[in-house]
Amino acid sequence: MQGIGKGHPHAMGHPHGMRNVIDYDKNPFIVIWEVTRACQLKCIHCRADAQLTPDPRELSHQEGINLIDQIYEMDNPMLVFTGGDCMMREDLYELADYAIKKGMRVSMTPSATDNVTKEKMKLFKDVGLSRWGFSLDGPTPEIHDHFRGTPGSFDLTVEKIKYLNELDMPLQINTVISRWNYDSLEQMSKLVAELGAVMWYIFLLVPTGRGQMDACISPAEHEKVFRWLYELSKTAPYDIKTTAAQHYRRVVLQQKTRDQLIEKGEIHYEDSITTDFASMHDGLKRAPKGVNDGNGFAFVSHIGDVMPSGLLPIVGGNIRDTPLAEIYREAKVFKDLRQPDNYKGKCGVCEYNKMCGGSRSRTYAVTGDYMESEPFCVYIPQAMRNKETTPTV
Ligand code: SF4
């Protein structure tokens, strides 16, 4: 899942309630483990390029237990099981039970297939799973089923969601935004409410795996979606979080600052369009620090490769040879990614780069260089502006 399909509930609170003091150079906020790559669906944007049967090299049960121990030792970050379809892993229940009994917060996002029965859902609820994520990529069967490559997937997902509601299990809906559903987001947002989700998790398509470049929305459309989401977040009965959309944080900060100033009467709406908000966030012109690929975030593949994200396939090491903590703290790709001031182009000089930094995964997918600038952001950093001629965002 981080991944994609592949939920990243960054937003669930830290188990120790210490989110703000985690040192991302030492420990991640969240670890996504791709427990298997097996999956019965054939989603057109699939990061994992999932297969019907499990890879024989997949981590064994004992290796999985050992991995959970290692993750726990890193200040007990959030743990997410992803796939493929994590329900295709036969010891999934035992793994969840083991981690939850240790005191970890575990969530997962299985594929909605006949494999997911109400009985299995109840087992996971009873063991203490924090949240269940399902993917819905459109408000109608036509849109969703096309995306998932499987006729009937929409109806099956809605049916499974009803079970979750009956069991009172908190539901997260994951949606990949692309050219295919861009025009139906309003309708989609209503469906998320009707289905009783506590969280709508938005992924902005990264053109990797089966996700293709021409299915991505444009940079300007990204900005439009972010502003729309910010307005929606004020009234929606669910939380909204994003992934591969770090610049949504920049938009939220800009819009919130604008709203506050208008409310206090310090600025009129018309003037707010051309006001520069970037310097107003704290006295040091710094924005808060945010999780990004390899920076508060780690992904462990089905065969134990450790990567900054499931969408940034550069391997820092393998847990069969090297402890997870050593890879996360010492591998070059992880250390590079935790230095936003070293990013190239506008992200390197942007005043928002500690809280945003752009999607490193998308940057890599589009340019082949994970240190390059986010290609789908319209913002022009202060340091690059000619104030005489360039309007502020
Ligand atoms: S320029 Fe880069 S760091 Fe700045 S807001 Fe855009 S994506 Fe984020």
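Residues are numbered from 1 along each chain as its sequence is written, and side-chain values use heavy atoms, with hydrogens and water left out. Because the model is predicted, local features need pLDDT of at least 70 and side-chain atom pairs count only at pLDDT 80 or more, while totals for chains, interfaces and linings use all residues.

Two strands are said to pair if DSSP finds at least two bridges between them. Strands β1 (residues 30–34) and β8 (residues 297–300) run parallel and are joined by four bridges. Ile30 belongs to β1, and its bridge partner in β8 is Phe297. Ile30 is buried, with a relative accessible area of 0%; here buried means under 20% relative accessible area, exposed over 50%, and partly exposed in between (1.4 Å probe, protein chains only). The C-alpha atoms of Ile30 and Val291 are separated by 8.9 Å, although these residues are 261 apart along the chain.

Further along the sheet, β5 and β6 also run parallel, with six bridges between them, and Val176 has Phe203 as its bridge partner in β6. Six of the six residues of β6 (residues 199–204) are buried, so this strand is largely enclosed by the rest of the structure. Met199, Tyr201 and Phe203 point one way from β6, whereas Trp200, Ile202 and Leu204 point the other way.

We turn next to the ligand. Its surroundings, counted as residues with a heavy atom within 4 Å of it, consist of Arg250, Lys346, Cys347, Cys350, Asn353, Cys356, Gly357, Gly358, Glu374 and Cys377. By class, this shell has four nonpolar, three polar and three charged residues, with Cys counted as nonpolar and Gly as polar. Cys356, one of the shell residues, is buried at a relative accessible area of 9%.

The peptide bond from Gly83 to Gly84 is cis, with omega near 25°, and Gly84 lies in the loop between β2 (78–82) and α2 (92–102); helices are DSSP runs of H or I of at least four residues. Asp75 has a positive phi, near 65°, in a residue other than glycine. Asp75 sits in the loop between α1 (61–73) and β2 and is partly exposed, with a relative accessible area of 26%. For Asp168, phi is near 65°, again a positive value in a residue other than glycine. Asp168 lies in the loop between α5 (153–167) and β5 (171–177) and counts as exposed, at 62% relative accessibility.

Conventions:
Helix = DSSP H or I, 4+ residues; strand = E, 2+ residues; numbered from the N terminus.
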